[in-house]
Amino acid sequence: MSDMGIVQDLRQSTTNGRTIVAFDFDGTLTIRDSFTEFLRWRAGPGAWALGLVKLAPALAAYAKDRDRGRIKAASVREFLLGVNRQTLEAEAAAFAEEIWPRFMRPDALEVWNDWGRRGAHRVIVTASPTTTVAPFARKLGAEALLGTEFVFDADDRITGDFAGPNCRGQEKVRRLKAAYGEDVTLIAAYGDTSGDTEMLAMAQQPGFRVFRQKP
């Protein structure tokens with residue numbers, strides 16, 4: 001899974017005709033938003049509180065325009081600007097290992113594992129950055145991960161920009177079709193917000209807010 005998050009031709013090389021099942025990540029497999037929790041964990045209480053104060057104008061703008069991509073980009077610039085890729089990946093792995101026992105929904109994991117036993121190709125489709133979700137995806141044994149992508153500069157440091165649109169809503173559909181073909185069929189899909197509506201509409205078995213358990 002070293003190429004996780006990079007759009008590639010998965011139609012022949014990965015699925016091999018297997019059933020495709022798509023899972024949202026934040027709030028579906030987890031109890032809450034993973035990227036916010038990662039930023040809070042990484043910053044620590046003092047820097048987190050100060051960062052939120054600096055983000056006040058962006059938060060005020062979000063209250064009006066509800067642009068999740070814009071507020072996410074502002075958060076990246078405040079808390080991650082200039083961070084080296086290797087450092088970020090190591091921190092993301094440490095975060096996932098620490099938070100996993102109190103963060104993953106048991107009933108969601110049961111369904112995830114059941115699809116795995118049935119030989120399904122399980123893809124996580126998330127609005128969170130693939131860099132921070134990848135350690136969870138590896139631990140889950142996911143066959144693929146599609147999400148929002150950071151841009152790194154020539155020195156492999158975060159620029160504060162994203163490589164494409166925030167991966168929610170119709171963008172989830174676009175990413176799935178780019179990865180698996182225009183005629184992709186999902187046997188099942190699971191999500192918990194309006195940002196999953198379009199993806200769920202692609203599935204023969206849509207599951208909206210079906211996972212409720214907490215660790």
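The dialogue below takes up aromatic pairs, charges over rings, salt bridges and a pocket.

Q: What kind of model is this?
A: This is a predicted model, in which local features need pLDDT of at least 70, side-chain atom pairs count only at pLDDT 80 or more, and totals for chains, interfaces and linings use all residues. Residues are numbered from 1 along each chain as its sequence is written, and side-chain values use heavy atoms, with hydrogens and water left out.

Q: How many aromatic pairs does a search of the whole structure find?
A: A pair of aromatic rings is described by the distance of the centres and the angle of the planes. Rings of Phe, Tyr and Trp (its six-membered ring) pair if their centres lie within 6.5 Å; planes under 30 degrees apart are stacked, over 60 edge-to-face, and the rest tilted. The search finds 15 such pairs. The rings of Phe 95 and Phe 136 are edge-to-face, because their planes stand at 75 degrees, with centres 6.0 Å apart. This pair links distant parts of the chain, 41 residues apart: Phe 95 is in helix α5 (residues 85-99) and Phe 136 in helix α7 (residues 130-140). Helices (H or I, at least four residues) and strands (E, at least two) are DSSP runs, numbered from the N terminus.

Q: Are Phe 95 and Phe 136 buried or exposed?
A: Buried means under 20% relative accessible area, exposed over 50%, and partly exposed in between (1.4 Å probe, protein chains only). Both Phe 95 and Phe 136 are buried.

Q: Which side chain meets Arg 85 in a salt bridge?
A: Side chains of opposite charge can pair when their charged atoms come close. A salt bridge is a side-chain nitrogen of Lys or Arg within 4 Å of a carboxyl oxygen of Asp or Glu. Arg 85 meets Asp 156 at 2.9 Å, N to O. Arg 85 lies in helix α5, and Asp 156, 71 residues apart from it, in the loop between β4 (150-152) and β5 (158-162). Arg 85 is partly exposed at 29%.

Q: Over which ring does the charged end of Arg 85 sit?
A: A charge sits over a ring if NZ of Lys or CZ of Arg is within 6 Å of the ring centre and within 35 degrees of the ring normal. For Arg 85 the ring is that of Phe 152, with its centre 3.9 Å away.

Q: Which residues lie nearest the centre of the largest pocket?
A: On a 1 Å grid over the protein atoms alone, a pocket is an open set of points with protein on both sides within 12 Å along at least five of seven lines; lining residues have an atom within 4 Å of a point. Here, Asp 26, Asp 33, Thr 36, Arg 68 and Lys 72 lie nearest the centre, out of 28 lining residues.

Note on methods:
1 Å grid on protein atoms, 1.4 Å probe; cavity = no way out; pocket = protein on both sides within 12 Å on 5 of 7 lines; lining within 4 Å.
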